[in-house]
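Below is a set of questions and answers on one structure. Each answer works towards the value or name asked for.

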Amino acid sequence: MNMIRDNPDGENFVCYGSHPDPGHLSLQACDYAEKEPVLQGTEYVDYAVDFCKRNRIDVFIPRLMMLEIAKEASRFDEIGTKVMVCRDIPLLERMIEKDLFYESLQGTDVVPIPEYYVAETASQFKDAYEALIEGGHKVCFKPTNSEGGMGFRVIDNDRNALKDLYGWVGSSISFEQAYGALSSVERFPKLMVMELLEEDEISIDCLADGNGELIVAIPRRKSTGRIYELEDDPELAAIAARVAARCRIPYAYNIQVKLNKGVPKLLEINPRMSGGLYITCLSGVNMPYLAVKTILGQPFDKPVPLLGIKASYLELPVLMKES
């Protein structure tokens with residue numbers, strides 16, 4: 001919100017926001033904030049349409065219930081609100097359910113896919129684990145529909161339970177622990193059991209026009225600790241170009257890859273602005289603002305990012321405004 005507000009053109013914006021937690025820090029950046037009711041499905045869309053209508057919102061950038069909003073995007077068109085969301089429903093569904101997206105890219109040259117299996121039962125989980133081990137891989141797993149690191153676990157059978165009690169809480173779990181927990185139910189929500197990608201993680205922040213035509217892509221490598229590097233890497237640029245050509249995702253989105261033996265393999269694609277975008281924008285490309293200009297149909301020169309940048313960040317105190 002601050003990057004949109006503090007834009008280089010001096011354009012004036014008023015930011016409205018809602019969240020179920022009235023103390024959520026994001027609301028501190030809003031000019032007007034509202035406590036959001038906890039709703040699901042069409043009821044949430046009803047609330048969002050009403051919020052936009054009441055407040056005469058020009059551009060709505062949803063963070064929650066993106067699929068439900070996309071399915072009813074015409075309701076926002078009717079009240080004159082532009083919604084920054086992918087309207088290709090089958091594509092959006094595949095990006096949300098990671099196994100479906102992997103399946104759609106199998107056999108293409110868009111981006112290498114890690115070896116993986118989908119499991120819903122303990123026996124399927126065991127078979128997948130054994131197949132990956134036999135293929136020479138270390139193994140990890142995660143829910144097919146999750147965000148960030150939620151549910152991600154690495155299988156490590158050399159862990160020491162006593163040492164773990166005195167160490168940092170981590171994502172490692174033994175096969176027997178995982179198998180035992182999964183065996184407690186007949187069927188569980190789908191897991192992707194995958195080869196572990198052991199090297200650096202890279203996010204490619206992308207900006208496209210409303211038709212999914214790529215405008216700019218900026219790779220951001222997560223290095224040691226809190227250090228990030230904005231890289232000028234032709235291989236990563238080529239991945240972004242191929243993803244854009246195949247998927248035609250509009251506006252701001254994020255491609256996440258991770259290296260294994262030097263090969264960048266796909267983790268996921270998030271059809272939204274990434275959490276690390278504030279680092280990427282140190283390249284001189286104000287992606288949030290340009291995304292807003294794009295959806296409003298305002299022209300601008302194609303941005304040229306400054307790459308080869310190494311950056312980190314600090315935690316800073318914020319004085320809370322009275323609600």
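Q: In which segment does Ser312 lie, and is Ser312 buried, exposed or partly exposed?
A: In this predicted model, Ser312 lies in the segment after β15. Buried means under 20% relative accessible area and exposed means over 50%. The relative accessible area of Ser312 is 41%, so Ser312 is partly exposed.

Q: How far apart in space are Ser312 and Leu236, C-alpha to C-alpha?
A: In sequence, Ser312 and Leu236 are 76 residues apart. In space, their C-alpha to C-alpha distance is 21 Å.

Q: Which strands stand at the edges of the six-stranded open sheet?
A: The sheet has the order β14-β13-β10-β11-β12-β15, with antiparallel pairing. Two strands have a single partner strand each, so one side of each is left without a neighbour in the sheet. From one strand to the next, the twist averages 25°. The edge strands are β14 (263-270) and β15 (309-311).

Q: Is β14 largely enclosed by the rest of the structure or largely open, and how many of its residues are buried?
A: As an edge strand, β14 has a single partner strand. Even so, β14 is largely enclosed by the rest of the structure, because the buried residues number seven of the eight.

Q: Which residue in the hairpin of β13 and β14 takes a positive phi?
A: This hairpin has two residues between the strands. The positive phi is near 55°, and the residue that takes it is Lys261.

Q: Which residue in the turn between β10 and β11 has a positive phi?
A: Strand β10 (residues 201-208) is joined to strand β11 (residues 214-222) by eight bridges, and the two run antiparallel. They form a hairpin with five residues between them. The phi in question is about 85°, and it belongs to Gly212.

Q: Which residue of β13 stands opposite Cys206?
A: Strand β10 is mostly covered, with seven of its eight residues buried. Towards β11, the bridge partner of Cys206 is Ala217. Eight bridges also join β10 to β13, again in antiparallel fashion. In β13, Cys206 stands opposite Tyr253.

Q: How many disulfides does the structure hold?
A: A disulfide needs two cysteine sulfur atoms within 2.5 Å. For Cys52, the nearest cysteine sulfur is that of Cys30, 13 Å away. For Cys206, the nearest cysteine sulfur is that of Cys247, 10 Å away. The count for the structure is zero.

Q: What is the relative accessibility of Cys206?
A: Cys52 is buried, with a relative accessible area of 2%. Cys206 also counts as buried, and its value is 0%.

Q: Which residues make the nonpolar surface patch of about 300 Å²?
A: One member lies in strand β1 (residues 16-19), namely Tyr16. Tyr16 is partly exposed, with a relative accessible area of 32%. The patch is made by Val14, Tyr16 and Tyr32.

Q: How many residues apart in sequence are the parts that Glu120 and Arg187 tie together?
A: Glu120 and Arg187 form a salt bridge, with the closest N and O atoms 3.6 Å apart. Glu120 is partly exposed at 27% relative accessibility, while Arg187 is exposed at 53%. Glu120 lies in the loop between β5 (116-119) and α7 (122-134), and Arg187 in the loop between α9 (175-182) and β9 (191-195), so the sequence separation of the parts they tie together is 67 residues.

Q: Which residue meets Glu198 in a salt bridge?
A: Glu198 lies in the loop between β9 and β10, and its partner lies in the loop between α7 and β6 (139-143), so the pair ties together parts that are 60 residues apart in sequence. Glu198 counts as partly exposed at 47% relative accessibility. The N to O distance is 3.1 Å, and the partner is Lys138.

Q: Is Arg221 buried or exposed?
A: Arg221 in strand β11 ties to Asp200 in the loop between β9 and β10, through a salt bridge of 3.0 Å, N to O. Asp200 is partly exposed, at 31%. With 15% relative accessibility, Arg221 is buried.

Definitions and conventions. Residues are numbered from 1 along each chain as its sequence is written. This is a predicted model: local features need pLDDT of at least 70, side-chain atom pairs count only at pLDDT 80 or more; totals for chains, interfaces and linings use all residues. Side-chain values use heavy atoms; hydrogens and water are left out. Two strands pair if DSSP finds at least two bridges between them. Helices (H or I, at least four residues) and strands (E, at least two) are DSSP runs, numbered from the N terminus. Axes are lines fitted to C-alpha atoms, for helices over the stretch in contact, and angles run from 0 to 180 degrees between N-to-C directions. Buried means under 20% relative accessible area, exposed over 50%, partly exposed in between (1.4 Å probe, protein chains only). Patches are made of residues with over 30% relative accessible area and no salt bridge: like charges are joined within 9 Å, nonpolar side chains (Val, Leu, Ile, Met, Phe, Trp, Tyr) within 5 Å. Accessible areas come from the Shrake-Rupley method with a 1.4 Å probe; for residues, only the protein chains shown count as cover. A salt bridge is a side-chain nitrogen of Lys or Arg within 4 Å of a carboxyl oxygen of Asp or Glu.
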